[in-house]
Amino acid sequence: MSAITRATGDNSANHHSADRTKLQQDGIGFSTLSVHAGEARQKNADSITDPICCTSTYTFTNTQSIIDFIEQKQPREEYGRYGNPNEKVVEAKLAALDNAEEAIVYSSGMAAIVGLLMAKLSAGDEIVFFDECYHRSREFCYKHLARFGVVTRTVKTGDMQAMEAAINDRTKLLVSESPTNPHLTCVDLEQFVAIGKAHEVETLIDATLATPYNVRPIDYGVDYVWHSATKYLGGHNDLLAGVIAGSKEKLDSVRHLRGILGGINSPHNLYLLERGLKTFELRMQRHNANGQAIAEFLEQHPRVEKVYYPGLKSHPSHEVAKQFMKGFGGLITFNVKDADWRETANIIDACKIPRIGPSLGGVESLIEQPMVMSYFNYKPEDRQKFGIYDNMIRLACGIENTEDLIADLAQALES
Amino acid sequence: MKFRTRAIHVGNEPDPQTGAVVPPIYLATTFIQPGVGEWGEFDYSRSGSPTRKNVETTVADLESGSNALLFASGMAATHCVTMLFKAGDHIIATRDLYGGSYRLLHKICDRSGIEVTLVDVTKPEELAAALRPQTKLLWIETIGNPLMSIPNIRQCVAFAREHKLLLGVDNTFASPALCRPLEMGADIVMHSATKYLGGHSDCLVGALITADPELHKRLYFVQNACGSACGPLEAYLLGRGIKTLEIRMREQCRTAMQIAEHLSRHPKVTRVLYPGLKSHPGHDLAYEQLGGLFGTMMSFEVDGDTNATKMVCKSTNLFGLAVSLGAVESLIAHPATMSHASYAPEARAAAGISDRLIRLSVGLEDPEDLIADLDQALSQI
C-alpha cells in the first residue's frame, strides 16, 4: 500500500476493520490530510462520505461475538456512550492533523479538559497554570477541583522561573494556553516542555487559538494538546466539541473515564465536525490573513490605544510566536483610546459585519467586550488583576473579505 | 459587500428569537396560520420553508439574481424549466451537454411533444441554422461537459433576445464565484448545487435563479405544483457549504491549472481539455467570462486503448472513481460509461466523447499529492 493509501484508510472491502493508520509525517500535504485522513478509503454502501450513525447501541450476532469483543479479539462498538463510528473517523483525522497518536473527542472543550483532569488527578495532587487563561478553566480548577483536594497554583504567564518554582513533589501537570485568551501571549513550548521533563511533570497546552495548522505542540514534546473544537476545527459556529490529543498510553485512562462520565459527542455533531475539517487549511489561511491585516489596520488607527496580536512586532510574544507558529490566527484584542466601557460598547454596537457574541473561529466574525461578556459580575480590582480593561474589545475575525471587515471597523471606530 | 462576505452573511440573519448566529433548521412540514383565510409567510413546506428560503436568498444574491428556487436535485431544477413549455415547442441545446440533461430532453420531453436540436453553441452559424418559429429556449453550459467547450454567453444572449427565446445557462461547472450569467443578460441560471455550491459530496440540491420576478413566479408555480423542492437538512448543508465556496473554488482552480499543465507535458497523455490552457480553443473567452479562473474540471486522453484508459481510472488512490464533481474530494470518471452513458452511441461520437476520454474533478487535496497520484496511475500503462 502506498503512503497515501495507508494514511487515508484501508483499501480493502472489509469495512469493519478499516485501517486508519496515521502517517502524518510521510510528506502528505495538510489539506490532503484534512480531506482524507482518518476515513476509510472504501466506506459502507460505497458512499464517498461517512454515514451519520444514529444509534444508541450496537447489536451482537450471538453470544460468542460478545465474548470475542470482551476478550478484545474483535474491536467494535458496544454502546453509544463508549464511542461511535462517526467519532472514530473524527478522532483519527484530528490526531493526524495534530501529529498525535490518539485523540479523544468530547461534547465540548470544557468537557474535554474536565475529562482529562478528572482522569489524571487525585486528592493531594497539584497543578500549575499560567494566569492568563480561559476564565471557565480557572473556575473549574479553583472551585471544583479544589473540592476533591487538588491544589491549583497560578503564576504569571510566560514566567518560566515562577512556573518551575511552583513545582513540588505533588505537582502532576503544567497547563498553559498558547496563545492565551484574550491577551494572545505565546509560550515558548521548548522551555515549557523542558521544565516538565526536568521535574517529571506532564504538560498540557490549550492550542484552541493556534490550531494544528499554526502549531503542533506534540512536535515539541507536549504531552496533551487540548482544543475547543467548537472554534476553528468545526469552523462554522454550528457545533460544540472538544478534543484532547496525545499518546495512546497516556490517553487510555482518559478514554476509559469518559466512557463512565459520558461526555461524548453526538453523531450529528461529529459529522459536521468532520465536514468542517475538510476546509480547515483554507479557512485558517483566511483567518490568519484577516487577523494580520486587521491587527495592522487597528494598530495605526488614531482611536486605538493598544493592539494585542502576536503577528505584530509590538506584541511582547512576537519573537516566540514567530518561532513556533506558522500564522497567528483570527483573534485580535484591542483597547480603545480614552474610552469608558459605554463608549467602547458603542463601537461594538456600530459594527455591521461582525456579530456580537462569545466564541471565535467560525466563518462569521464575532465581536465582544470581555468586561461585559465574561467579566461583568467581577469586581473592578479583579478585572484589573486579570488584565481585563473597560475599553478592551475582542474581535474574532471570520473569513469574510478583508476589505469589508476593515471598512466596517473603520466606520464603527469613527462613529 | 464582496462575494465572500455575502456568501457568509446574506440569508443568514441571526435567529431573532434566540440570537443563534446560525439560523435554526426548520423541519416542520406545516405552519400554523393566523386565521381562517389568512395566510402567514409559510403554510406548507412544499410551498416554502424558512431554511430553504434563507439559502435561496444567499444563492440569488451570489448569482446577482432577484430570486432563487432550490430543488431536490439539479435534474429536478432543469425539469422545472422544461415544464414551462408545451407540445410543439422547440429547444436548442448545447451539444457538449451533461448526459442527464440529454436524457431529459431526448427521452422525457419528447413524450410531451417538445422537440430538441443539439448544436455546437460556439458556432453562431449552427445556432442560426437550428432556429425554428417554435423555438422557445436556448440551453447552454458555462463550461461544457465533458469537453470544456466555452460558449460566448453575450452572443447567446443577443441571439436569444433577437429571436425572443429564453436563455437558460447551466452554471454548475463555473459556480457564481467564477461567472454570473444573469449579469450578462441570461434569463435563467441553473445549478446542480450538489457540486461546487454544496462542495462536500453530501447534499443533493438543484437551483434555478432569475433576475426577473415574473419569470420566477412562473417557475415557482411549476415547482410548487410538481413538488420537487429540496428538504431543509439539504438546504442547511448547502448553505453551510456556500460559506467556503469562494476559497474552495480559488484553491481548487489553482490546483487544477497545475494538474492540467502537468498532464499536458506528460508523455503518456495525448490530449488535455482544460480552458485554462492556452491550447484550449475557448481559452481567451474563458479568461474573459470566468474572471481569470478556469474551473476544476478537465478531460484528457491517454496514449493507449480503452483498456489502458480504464486501467488509469481504477489505479488512482486519491482520485475516487465516481460520477459527480465539484467537492473537496478529487474524482476521476470515464464519461463514455458514466456521466454520458445515457447518450446514444452515435450522439456520443458526434459530441466528440471518445471511449478514451477521462474526466477529472480536482478537489482540495494538496496539488503535489494529486499529481503524484496521477503519475503513479499513468505509470500502470
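The model is predicted. Its largest nonpolar core has 114 residues. In chain B, seven strands make up an open sheet with mixed pairing.

**Nonpolar cores**

- Five residues have the most contacts inside the largest core: B:Leu70, B:Phe71, B:Ala207, B:Leu208 and B:Met298.
- Helix H10 of chain B, residues 245–265, supplies the largest share of this core, with nine residues.

**Around B:Leu208**

- Neighbours within four places in sequence are set aside here.
- On that basis, B:Leu208 is in contact with B:Ala68, B:Leu69, B:Ala77, B:Cys80 and B:Val81, among others.
- The list of contacts also includes B:Ile188, B:Met190 and B:Leu219.

**The chain B sheet**

- The strand order is E1-E7-E6-E5-E4-E2-E3.
- From one strand to the next, the twist averages 20°.
- Strands E1 (67–71) and E3 (115–119) of chain B stand at the edges. Each has a single partner strand, so one side of each is left without a neighbour in the sheet.

**Strand pairing and helix packing**

- Strand E4 (residues 135–141) and strand E5 (residues 166–170) of chain B run parallel and are joined by five bridges.
- B:Leu138 has B:Leu167 as its bridge partner in E5(B).
- Helix H8 of chain B, residues 213–226, lies across E1 and strand E7 (206–210) of chain B. Helix H8 runs at about 20° to E1(B).

Key. Residues are numbered from 1 along each chain as its sequence is written. Chains are lettered from A and ligands numbered from 1 in the order in which they are written. This is a predicted model: local features need pLDDT of at least 70, side-chain atom pairs count only at pLDDT 80 or more; totals for chains, interfaces and linings use all residues. A nonpolar core is a set of buried Ala, Val, Leu, Ile, Met, Phe, Trp, Tyr and Cys residues joined through C-beta atoms within 7 Å. A residue is buried if 20 or more other C-beta atoms lie within 10 Å of its own, exposed if 12 or fewer, and partly exposed in between; C-beta atoms are placed from the backbone. Helices (H or I, at least four residues) and strands (E, at least two) are DSSP runs, numbered from the N terminus. Two residues are in contact if their C-beta atoms, placed from the backbone, lie within 7 Å. Two strands pair if DSSP finds at least two bridges between them. Axes are lines fitted to C-alpha atoms, for helices over the stretch in contact, and angles run from 0 to 180 degrees between N-to-C directions.
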